[in-house]
Amino acid sequence: MTNVLILGAAGSLARVATQYLLDNSEARLTLYLRRAERLKNHAPSRVNIIEGDVLDSRCLEGAMVGQDIVYANLAGNMQEQAVSVVKAMKATAVKRLIFISSMGIYDEVPGEKYGNILAPYRESAEVVEYSGLDYTLIRPGWFTNSSDVDYTLTHKGDPFQGTSVSRLSISDLINRMVMTPDLYLHESLGISRIK
Ligand SMILES: NC(=O)c1ccc[n+]([C@@H]2O[C@H](COP(=O)([O-])OP(=O)(O)OC[C@H]3O[C@@H](n4cnc5c(N)ncnc54)[C@H](OP(=O)(O)O)[C@@H]3O)[C@@H](O)[C@H]2O)c1
């Protein structure tokens with residue numbers, strides 16, 4: 001049974017991914033978030049909820065114990081958050097990290113320059129890419145609430161294709177990596193729907 005720690009579990013994507021993982025895998029989930037009263041535990045046999053801040057090293061390391069995969073769904077000061085996550089993973093010998101970033105961090109979107117808006121995403125991606133962990137960075141296009149699972153992946157160095165992607169599609173990609181943890185190791189994947 002795979003144990004997955006979801007950081008920033010109240011996030012709009014994390015909520016969809018949590019349900020998707022419950023429906024499509026047998027993984028046991030630990031939801032880590034600030035102000036935990038925002039989430040109800042609908043599946044207590046498979047879900048554990050921990051209230052904590054990712055910048056609280058002690059709490060984060062406690063949550064990491066026994067985990068197989070960390071899925072970071074964060075926002076804000078992402079460089080500091082990434083440093084904290086990597087440090088806690090190393091301290092607890094957890095190797096597999098799925099880290100949500102954004103399209104545009106390598107100026108890979110044809111005709112678009114996002115500039116400083118993406119600085120926290122660029123800086124955190126660099127922390128993850130040089131971490132020595134078994135990471136996968138995910139660079140999604142704009143999120144939609146569409147009920148389709150339809151996506152194309154691009155790799156680092158490729159031009160980004162498309163502009164948007166459903167939260168369900170990103171959840172499907174995360175679920176595939178949870179089921180097959182060796183998938184897309186040390187990769188930075190763009191994800192969007194191209195039709
Ligand atoms: N929306 C889009 O179209 C789009 C496109 C590409 C990429 N992205 C990026 O993809 C990521 C995930 O998206 P999302 O919609 O799920 O984001 P979100 O709803 O903003 O969720 C991010 C979560 O991170 C949590 N967080 C921030 N700092 C934290 C800390 N120090 N400790 C613990 N938790 C912390 C926040 O917790 P609190 O609720 O407690 O603040 C929030 O719940 C974001 O970085 C987003 O910018 C979004």
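**View 1. Strands E1 and E2 run side by side in a predicted model.** Strand E1 (residues 3–7) pairs with strand E2 (residues 28–33) in the parallel sense, over 5 bridges. Two strands count as paired if DSSP finds at least two bridges between them. Helices (H or I, at least four residues) and strands (E, at least two) are DSSP runs, numbered from the N terminus. Look for Leu-7, which stands opposite Tyr-32 in E2. This is a predicted model, in which local features need pLDDT of at least 70, side-chain atom pairs count only at pLDDT 80 or more, and totals for chains, interfaces and linings use all residues. Residues are numbered from 1 along each chain as its sequence is written, and side-chain values use heavy atoms, with hydrogens and water left out.

**View 2. Eight strands form an open sheet.** Here the order is E3-E2-E1-E4-E5-E6-E10-E8, and the pairing is mixed. Strand E3 (47–51) and strand E8 (152–154) stand at the edges with a single partner strand each, so one side of each has no neighbour in the sheet. On average, neighbouring strands of this sheet are turned by 20° against each other, direction ignored. Strands of a sheet pair through backbone hydrogen bonds, either parallel or antiparallel.

**View 3. Helix H1 lies across several strands.** H1 (residues 12–24) lies across E1, E2, E3, strand E4 (69–72) and strand E5 (96–100). Helix H1 runs at about 165° to E2. Axes are lines fitted to C-alpha atoms, for helices over the stretch in contact (heavy atoms within 4.5 Å), and angles run from 0 to 180 degrees between N-to-C directions.

**View 4. The ligand sits among 23 residues.** The closest are Ser-12, Arg-38, Leu-74, Tyr-121 and Phe-143. Polar contacts are pairs of N or O atoms within 3.5 Å; within protein, one must be able to donate a hydrogen and the other to accept it, and residues adjacent in sequence count only if both atoms are side-chain atoms. An oxygen atom of the ligand is 2.6 Å from a polar backbone atom of Leu-74, and an oxygen atom of the ligand is 2.9 Å from a polar backbone atom of Leu-13. At Tyr-121, an N or O atom in the side chain is 2.5 Å from an oxygen atom of the ligand.

View 5. Val-86 has a relative accessible area of 9% and touches Val-127, Ser-131 and Leu-133, not counting residues up to four places away in sequence. After H3 comes Ala-93, with a positive phi near 60°.

**View 6. Helix H5 is mostly covered.** Of its 13 residues, 10 are buried. H5 (residues 167–179) reaches 18 Å from its first C-alpha to its last, close to the 18 Å expected at 1.5 Å a residue; the expected span is 1.5 Å times one less than the number of residues. Within H5 you will find Ser-169, buried with a relative accessible area of 0%. A polar atom of the Ser-169 side chain lies 3.0 Å from the backbone nitrogen of Asp-150.

Methods. Buried < 20%, exposed > 50% of the residue type's maximum accessible area, 1.4 Å probe, protein only. Near = heavy atom within 4 Å.
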